[in-house]
Amino acid sequence: MLSFESDYTIGAHEKILNRMQEINMEQQKGYGADKICEGAKEKIRQECECEDAQVYFLVGGTQTNSIVISTMLEQHEGVVAALTGHISLHEAGAIEYTGHKVQEIPGHDGKIDAKELSGFLKTFWEDNSHDHMVFPGMVYISHPTEYGTLYSLTELKAISAACREYDIPLYMDGARLGYGLMSADTDVTLPDIARYCDVFYIGGTKVGALFGEAVVFTKKNMPKCFMPKVKQRGGLLAKGWLLGLQFDTLFTDNLYYEISKNAIDMASLLKEGFQKKGYKFLLDSPTNQQFIILENEVMERLRSKVAFSFWEKYDENHTVVRFVTSWATKREDIQEIISFL
């Protein structure tokens, strides 16, 4: 059975596993206070061209979003996100569980529009009764988005400017950041993200690591007493060196970028193969998530050969499904599925 269900359905890159094996029996300090974590943090600062960046390693995406958002917001504040945002739909109410509201605004192929964001914030502050409402205290975006789309540098600057105008932080969910950075259609770099976002995370779980996300606070704005707050929320890993080792490896010799490019190359082959067979796409995604419109009968036949995700009903006879390539996808996998079509 081929699997295009997601980009976290396989283990880790062999260089990470080999390095774990090499130092497995070495004594390490606990809770991320080790030299490996410090080295990884320094590599990330250099890649971001942000020497003052404060870097912290956490285990998974939902945990990261929940901890970052809940520690940066005041009790009376919420976080603004697209209707299709991951924290809006696919995290089981994790943000609301912390006592903060997700304030939804329209999404356009997964992206929020800076003018609509400014309008939402302006309307809130011009309402004479806003003291009785949930304050918008942060803006959340995903890059790539939940639809595989990307913000342009112009769009990122405009959203950042709207946040600056209303003095609230911009937070980027980078669960699949590597795939966004290596897309041929992007003009956004890691230093750009560090420049225009107040906090973001570099995803490892979906980009070659066994687990782990690297949170980057770019404006010396890590919440006060962040570590005990992480511990309160169950996010403090005793063997923190396991996280540092993975990111240290990923950011050695451009490994993070090289394996991310593989996913993009394989997604391009997949897209081309489906297009040549006459299949249509819900939208034009430039990253590793591809949303294909299938006849229901064809979808059921495909399930016997390949794992993929249901996305949404298109009409009575068609369904949108999601195929995801990853850092580990092989050319032979793509050729096999195209042959089956």
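**Close-up views of a predicted model**

β5 gives the most to the lining of the largest cavity, with three residues. This is a predicted model, numbered from 1 along each chain as its sequence is written. Local features need pLDDT of at least 70, side-chain atom pairs count only at pLDDT 80 or more, totals for chains, interfaces and linings use all residues, and side-chain values use heavy atoms, with hydrogens and water left out.

**View 1**
The structure holds one cavity of 30 Å³ or more. A cavity is, on a 1 Å grid over the protein atoms alone, a set of points where a 1.4 Å probe fits but cannot get out. Lining residues have an atom within 4 Å of a point. The largest cavity contains about 50 Å³ of space. Its volume is the space filled by probe spheres set on the points, and grid points are joined across faces, edges and corners. The lining consists of A81, A82, G85, G110, I112, Y140, I141, S142, T145, E146 and Y151. Both β3 (77-82) and β5 (135-142) supply at least two of the lining residues. Strands here are DSSP runs (E, at least two residues), and helices are runs of H or I with at least four residues, numbered from the N terminus. By class, six lining residues are nonpolar, four polar and one charged. Ala, Val, Leu, Ile, Met, Phe, Trp, Tyr, Cys and Pro count as nonpolar; Asp, Glu, Lys and Arg count as charged; the others, Gly among them, are polar.

**View 1. Y140 in strand β5.**
Y140 lies in β5 and also lines the largest cavity. At 2% relative accessibility, Y140 is buried. Buried means under 20% relative accessible area, exposed over 50%, and partly exposed in between (1.4 Å probe, protein chains only). Beyond its neighbours within four places in sequence, Y140 is in contact with N65, I69, V79, V80, A81, G85, H86, I87, E146, Y171 and D173. Contact means heavy atoms within 4.5 Å. Y140 and T64 are 76 residues apart in sequence, and their C-alpha atoms are 13 Å apart in space.

H143 and P144 are joined by a cis peptide bond, with omega about -5 degrees. P144 sits in the loop between β5 and α7 (153-165).

**View 2. Two residues with positive phi.**
A92 has a phi near 55 degrees, positive in a residue other than glycine. Its place is the loop between α4 (86-89) and α5 (94-97). With a relative accessible area of 83%, A92 is exposed. D109 has a phi near 50 degrees, again positive in a residue other than glycine. D109 belongs to the loop between β4 (102-105) and α6 (114-126). At 47% relative accessibility, D109 is partly exposed.

**View 3. Two nonpolar cores.**
A nonpolar core is a set of buried Ala, Val, Leu, Ile, Met, Phe, Trp, Tyr and Cys residues joined through side-chain atoms within 4.5 Å. The largest has 62 residues, of which I44, V139, F200 and I202 touch the most other members. A second, separate core of 23 residues includes Y56, M72, V102 and Y201. Setting aside neighbours within four places in sequence, I202 is in contact with I44, G174, L177, E213, A214, V216, F247, F251 and Y256.

**View 4. Strand β8 and its partners.**
Five of the five residues of β8 (213-217) are buried. E213, V215 and F217 point one way from β8, while A214 and V216 point the other way. β2 (54-58) runs antiparallel to β8, and five bridges join them. Two strands pair if DSSP finds at least two bridges between them. F57 has A214 as its bridge partner in β8. β7 and β8 also pair in the antiparallel sense, over five bridges. V199 lies in β7 (199-203), and its bridge partner in β8 is F217. V199 is buried, at 0% relative accessibility.

**View 5. An open four-stranded sheet.**
Four strands form this open sheet in the order β9-β10-β13-β12, with antiparallel pairing. The edge strands, β9 (280-281) and β12 (309-313), each pair on one side only. Seven bridges link β10 (289-295) and β13 (318-324) in the antiparallel sense. L294 has T319 as its bridge partner in β13.

Methods: 1 Å grid on protein atoms, 1.4 Å probe; cavity = no way out; pocket = protein on both sides within 12 Å on 5 of 7 lines; lining within 4 Å.
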